[in-house]
Protein chains: 2
Amino acid sequence: MTEPLPPTDDLDEVERRLRMPLVDAMVTQRSIRRILPDPVEPAIVRRLIELGLEGPTGSNGQNWEFVVVTDPGPKAVLAKQYRRAWKIYGGLGQRLRKDDQTTRILKSVKWQVDHFEEVPVMVVACLKNGPRPPVLPVPAIADSSHYGSIYPSVQNLLLGARAIGLGASLVTLPLWSGIVARRALGLPASVDPTSVICLGWPIGKYGPKPRRPVDEVLHLERWGGS
Amino acid sequence: MTEPLPPTDDLDEVERRLRMPLVDAMVTQRSIRRILPDPVEPAIVRRLIELGLEGPTGSNGQNWEFVVVTDPGPKAVLAKQYRRAWKIYGGLGQRLRKDDQTTRILKSVKWQVDHFEEVPVMVVACLKNGPRPPVLPVPAIADSSHYGSIYPSVQNLLLGARAIGLGASLVTLPLWSGIVARRALGLPASVDPTSVICLGWPIGKYGPKPRRPVDEVLHLERWGGS
């Protein structure tokens, strides 16, 4: 368990916190869903997005766009979507996996679903469609390249939030309906909302982060190689 | 321009380098495609993958798998795929965008295409298909959630490589044909190879990293809001 850093609006202090050793930021990163409704200094959110822009994009396309939501109107729309999707997937998750860890995660997600309107800042990470070659055959890796141009950036936001002491979590279910999400955020049809990063100062301590051991997921030369 | 760190096999030194301030690792991260053919200490690659496992996955599914390739056989297969895809996409890129920056990137990718067999380490980041609910309607965000469970981890690898001083670049074109890539790596049909992280000690200095200004990609409350 790690004690959270106290909330701050001081941008010099924010820069100091961003100098956390890389490995410490990674090892202590985790989804923090239980957060306070108190506002987050907008300059901090802007700084996190700026750090997001340091990540790579396919062919350096930089087709990323970020919508920062703090207004109750669009939040309520996303919250309704989240609840609808949760009714289907949450119940399913509970039936599929009954281990302690899953139960703990589902409980924490349930809290987030119930309190979604109170999340002070939602950053919607979007991709503007690049100049996709329309006449060429699209290989299976096209989707991977597409999302591979936003999630490294999202991870920068999450690591930056961790260093600053902000609670952060990454969710996609509030975007269950692309049409509804686009309308709520005024996004053009060419802009693909991919995920929502919820930000706020954390309630309580940081919990543990169970992980599969590295040798279970590392294959040498070919599948199963050790 | 930043002078690269000297190559090292010393794991204590590696840990010291991984303590680089988070913000410095992010700001100086960039794709390094021109790398030496010299081997990279396997324990360093393992450590980078271990840091990858600190990233988030959807519902903590942890359905990530990493194949570390150093053998000439599978490298040659991926290199051939890369060349074939490059013939189509590289030429297209050159016709679509003619600015200096694109020309520089394309030149660097061309170097990589020509020297791909010499890349000392390729980490193929894969996703094992989770228990996708087969009877439920799959929303548009399903693909985003899928790839959102590997690219945060990939970004950890890239940031870790940067801190250690290893050149790293993220490519998908060598996986142009999923069937060929699966066969070369012995992957079961349920495993989706998403991208290749090329690792090696860099040749020369780190170049600049041009980025769109943050206010161009940041929208307040809704699209176009400022």
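Reply: The contact takes 76 residues from chain A and 76 residues from chain B, where two residues are in contact if their C-beta atoms, placed from the backbone, lie within 7 Å. On the side of chain A that touches chain B, helix α7 (residues 151-164) of chain A gives the most, with 8 residues; helices (H or I, at least four residues) and strands (E, at least two) are DSSP runs, numbered from the N terminus. The residues of that side of chain A comprise 46 nonpolar, 19 polar and 11 charged. Here Ala, Val, Leu, Ile, Met, Phe, Trp, Tyr, Cys and Pro count as nonpolar, Asp, Glu, Lys and Arg as charged, and the others, Gly among them, as polar.

This is a predicted model: local features need pLDDT of at least 70, side-chain atom pairs count only at pLDDT 80 or more, and totals for chains, interfaces and linings use all residues. Residues are numbered from 1 along each chain as its sequence is written, while chains are lettered from A and ligands numbered from 1 in the order in which they are written.

Strands also link the chains. Strand β5 (residues 218-220) of chain A runs parallel to strand β1 (residues 64-69) of chain B, joined by 3 bridges; two strands pair if DSSP finds at least two bridges between them. In β1(B), B:F66 stands opposite A:L218. An open sheet of 5 strands with mixed pairing has the order β3(A)-β4(A)-β2(A)-β1(A)-β5(B). Its edge strands, each pairing on one side only, are β3 (167-171) of chain A and β5 (218-220) of chain B.
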